Amino acid sequence: MRSEPTAALCHRTVQAPAGRLHLVEQGTGPLILPVHGFPESWYSWRQQLPVLAAAGYRAVAIDVRGYGRSSKPAATDAYRMLDLVADNVAVVRALGEESAVIVGHDWGSNIAAASALLHPEVFRAVGLLSVPYAPPGGPRPTDIFGRIGGHEQEFYVSYFQEPGGAEAEIEPDVRSWLAGFYAALSADTMPAESEPDPHFVALGGQLRDRFPTGRLPAWLSEEDLDVYAGEFERTGLTGALNRYRNMDRDWEDLALHRGAPIKQPSLFIGGALDASTTWMSDAIDAYPTTLPHLSASHLLEGCGHWIQQERPDEVNRLLTDWLATLQI
């Protein structure tokens, strides 16, 4: 569904543990807090904000710390999950609200889930896009990812661990790297199953070696790419990549919550062609236990990873239909 905006987008900053957080707001009503993933910004929700506003909600998309116009702390461990959750709570309070529905995509899905898990009194419901909820626990994350690649290639999460390593690949030509990364995970441009998997890096190579080239995915215009590239050319990628560099710290920080379900009303929407949903199919199968108040779990056929941008009309309909069922 598409709708005309009920009010103009309002850009502002609020104080949070990160320092300043930039947010973009539209509409009035119950607060909906969309949280983006890697490598994106508030702009990834550009097609949801007006629809949510028209449906009677106060939609507020943030730039996660380290991204866009938000503060970028220097310390690597300033990007641990507990800090990002604290930022979200601070946004709700700074907006004069007591509670919100939080919705996240990609890393934002993990951040939204952790926010709901740790602060059920603030986040009354949670929508997860692309990345399924898996409760804290299991083996140490870097041990898992280190085994995935094998001896001849490295999983991208492991590749991102070394400070400065991925930055050296990306930052000399941010725009083309982003174009390739977006294309690699989009339904209409992703490599065929017979081609090398772009989630892995050959030893001694670069992640971009396996990116498709030559055309942008249908959802991404040159102007959209300019917005994303302009933000990362200004900020660099370290803040964004530091999220990956805190996965072991998160594992330790959330040890007391191992196996914990999220008990608030929840929604999951994934792309059937997204590796996140195929690799984590067991997590989706476990939803009756891990998300006991799940309203619905949707897999969109023919859709890749960038779900709210690839399929905005469908995602908007599913989100607004679900929100209408909540007593907020």
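These questions and answers go through the helix packing, the sheet and several single residues of a predicted model.

Q: What makes the contact between α7 and α8?
A: On α7, V174, R175, L178, A179 and Y182 take part. On α8, the residues are E222, L225, D226, Y228, A229, F232 and E233. By class, 8 of the contact residues are nonpolar and 4 are charged, with no polar ones. Tyr counts as nonpolar in this division, and Asp, Glu and Arg count as charged.

Q: Why is α2 described as roughly perpendicular to α3?
A: Helix α2 (residues 81–94) and helix α3 (residues 107–118) cross at roughly 75 degrees. Angles of 65 to 115 degrees count as roughly perpendicular, so α2 is given that description relative to α3. Their axes come within 9 Å.

Q: Which residues make the contact of α2 with α3, and how do they divide by class?
A: From α2 come M81, L82, L84, V85 and N88. From α3 come W107, N110, I111, A114, S115 and L118. The contact has 8 nonpolar and 3 polar residues, and no charged ones.

Q: What makes β1 and β10 the edges of the sheet?
A: The open sheet has 8 strands in the order β1-β2-β4-β3-β5-β6-β9-β10, with mixed pairing. β1 (10–16) and β10 (294–300) each have a single partner strand, so one side of each is left without a neighbour in the sheet. Neighbouring strands are turned by 20 degrees against each other on average, direction ignored.

Q: How do you know that β6 pairs with β5 and with β9?
A: Two strands pair if there are at least two bridges between them. 6 bridges join β5 to β6, and 4 bridges join β6 (residues 123–129) to β9 (residues 266–271). Both counts meet the cut-off. β5 and β6 run parallel, and β6 and β9 also run parallel. L129 of β6 stands opposite H105 and opposite I269 in β9.

Q: Why is β6 called largely enclosed?
A: A residue is buried if its relative accessible area is under 20%. In β6, 6 of the 7 residues are buried, so the strand is largely enclosed by the rest of the structure.

Q: Which strands does α15 lie across?
A: Helix α15 (residues 312–325) lies across β3 (31–35), β5 (100–105), β6, β9 and β10. Relative to β9, α15 runs at about 170 degrees.

Q: Why does N242 count as buried?
A: The relative accessibility of N242 is 2%, and the cut-off for buried is under 20%. N242 therefore counts as buried. N242 sits in the loop between α9 (238–241) and α10 (247–253). Leaving out residues up to four places away in sequence, N242 touches A75, T76 and Y79.

Q: Why is G149 called buried, and where is it?
A: G149 has a relative accessible area of 10%, and is therefore buried by the cut-off of under 20%. G149 belongs to helix α4 (residues 141–149). Not counting residues up to four places away in sequence, G149 touches E154, F155 and F200.

Q: What is the omega of the peptide bond from F38 to P39?
A: Omega is near -15 degrees, and the bond is cis. P39 is in the loop between β3 and α1 (49–54).

Methods
Residues are numbered from 1 along each chain as its sequence is written. This is a predicted model: local features need pLDDT of at least 70, side-chain atom pairs count only at pLDDT 80 or more; totals for chains, interfaces and linings use all residues. Side-chain values use heavy atoms; hydrogens and water are left out. Contact means heavy atoms within 4.5 Å. Helices (H or I, at least four residues) and strands (E, at least two) are DSSP runs, numbered from the N terminus. Axes are lines fitted to C-alpha atoms, for helices over the stretch in contact, and angles run from 0 to 180 degrees between N-to-C directions. Buried means under 20% relative accessible area, exposed over 50%, partly exposed in between (1.4 Å probe, protein chains only). Angles under 35 degrees count as roughly parallel, over 145 as roughly antiparallel, 65 to 115 as roughly perpendicular and the rest as oblique.
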